[in-house]
Amino acid sequence: MLAGGQSLIPLLALRLARPAVLIDINGIDELSGVSAIDGRVVIGAMTREYVAEESGTVADTVPLLAAALPLIGHEAIRSRGTIGGSLAHADPAAELPAVARALDAEFVVRGLSGERVIPAAEWFEGYLTTSRRPDELLVEVRFPAAEDDTGVSFHEVARRHGDFAIVGLATSLVLSGGVISDARLALTGVSDVPVRAAAAEELLAGERPSTELFDEAARRATADLDPPGDLHGSPGYRKTVAAAVVRRGLRAAADNAAKGSN
Amino acid sequence: MADITLRVNGATRTGSPEARKTLADFLRDDLNLTGTHVGCEHGVCGACTVILDGRAVRSCLMLAVQAAGREVTTIEGLAPDGEHGGHEGLGTLQQAMWDSHSFQCGFCTPGFVMQATAFLGDHPDADEQQIREALSGNICRCTGYQSIIDGVLLAAQRNRTLRNREPLSEERP
C-alpha cells in the first residue's frame, strides 16, 4: 500500500520489500483532511505531514502533535510523507507513534469485514508491526483535543536536525492551579514500540513541578528500559540520554503550560 | 507502461514510463533533464530534489506516474527566461551561490539549489540557523557546507534589496 512513499520507496529501492502488487492510494481524496469533531481532531490517513503542520486546527487543538510535526525528517520528506503512513509504518524511532501513544489516539481501519477502532495501546505490536490485518486499510486517526492548561513538548536528541532521534520524548502535562493533574510521556528509540513511561506518570500526578520531582521521574521512566544498541548509541548511552530527555522534556512542558495560562 | 502528461519547467511533456520508474529516472532518462542528480536512490542525500507543485520533494521517492497532471520544476527551469525563449543565465540564488563558491564537485548542487529555492520562496527572511535546518537533508561531501549557507544567505539579502527597491520606485510619481 503506497501512501507518501517516504519509507516504502526506500524499502523497495533497497529490495528490502518486494511486493507482488503495489496499490497507490494517493488518488483517494476522501482519505485526506483535518477536522475537529466532538472534542477530537480527526486526521485522514493520507493527510500530508506538511498539511497537518500548517493546520490551525492541529496547532490550536492538539499542540503536542503540532510540536512533533516539524521534527519529522526534512522539509522535502514532509511534502510527501503522510500521517497515516508514518503511523502504519510504526517505526519506534519516529515522532508520530510516540505522540499517538502519549495521547491515546484512536486508529480507524476499514476492511472487507467492516470498520473497527483500535486504541493506540493496542496498535503498536512490534518493530514496524501494527495490529492492522492484511486486508485492512488505516483510514483515519483521531487525536483527543488538549484540555485547558495543557503544556507540551517534543524533545529529542539527534545527531543532525531531521535525523531519526537517538531518543525522543513526547510530553503532555495538564497543570491545574500549579499542580500536575495529568501527565503523559512516551519515549521513542528505546524499544521496538513507542513506550509510555507509566511509573513516571503516576509519580507526577498530583505533584507540583520541581527539579527534584523531574529528576525522580527520569529515574522511574528509565529504570525498566532495556534499549537496543546500534552505531548511534549503546544501550547504556541510550538509557542515559533517555533520562536527560525526560528531565528536559518535563521542564519544557511545564514551562509551556505556565506560559499558556498567563 | 502508463501514458502520462505533466508540466515540466513550464512546458507540457508526455511520456510512457513503466509504473515502477521513479520520477528522478523519468526526468533524466525519458526527458533528458540530467541536471537532476541521483545519489543515494533512497531519499537520504537530497541530490534529486525537485519542486512539485511549489514544494520541494525527493524525486527518487516518487514514481513518475504519480507526477501525472502535476507541475514539476527542475534545476533546468530555474534560469531566467532568455531573450530567445528558453532559459539563459543564472537566477539570483544561482548567482549568489556562484559568488560564494558554494560548489566544488557539483554533484549535490542541483539538490541544494532546488531545496533552497523552495525554502527561500516560503521564508524570504530566513536567518542562518533556519537555512542550516532547511538544508540539513542535503548531503555535500566537498564544501563543508559553510559556503553553501553563505550563498543562500547572500541570495536572501539580494532578494531583500530588490524587494525594498521596487515599492519605492512605484510610490514615486
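Let's start with charge: chain A carries 25 positive and 36 negative side chains, and the centres of those two sets sit 5 Å apart. Keep in mind that what you're looking at is a predicted model. Chain A is divided into two named parts, domain 1 and domain 2, and here's a quick tour of how it is put together.

**Fold and overall size**
- Going by secondary structure, you'll find eleven helices and eleven strands in chain A.
- The radius of gyration of chain A comes out at 18 Å, close to the 18 Å the globule rule gives for 262 residues, so the chain is as compact as a globular protein of that length.
- If you boxed up the C-alpha atoms along the principal axes, you'd need roughly 55 × 45 × 35 Å.

- Of the 262 residues in chain A, 50% are buried.
- The chain exposes about 11500 Å², with carbon and sulfur atoms supplying 49% of that area.
- Take the contacts in chain A with a separation of 6 or more: 59% of them come from residues 24 or more positions apart.

**The two domains**
- Domain 1 of chain A is written as two stretches, 8-13 and 31-144, while domain 2 covers 150-258.
- Where they meet, 24 residues of domain 1 of chain A are in contact with 22 residues of domain 2 of chain A.

Conventions
Residues numbered from 1 in each chain as written. Chains lettered and ligands numbered in written order. Predicted model: local features only at pLDDT ≥ 70, side-chain atom pairs only at ≥ 80, totals over all residues. Heavy atoms only, no water. Helix = DSSP H or I, 4+ residues; strand = E, 2+ residues; numbered from the N terminus. Rg over C-alpha atoms; globule rule 2.2 N^0.38 Å. Buried < 20%, exposed > 50% of the residue type's maximum accessible area, 1.4 Å probe, protein only. Contact = heavy atoms within 4.5 Å. Areas by Shrake-Rupley, 256 points an atom, 1.4 Å probe, with all protein chains shown as cover. Lys, Arg positive; Asp, Glu negative; His and termini not counted. Charge placed at Lys NZ, Arg CZ, Asp CG, Glu CD. Domains from an automatic or database assignment.
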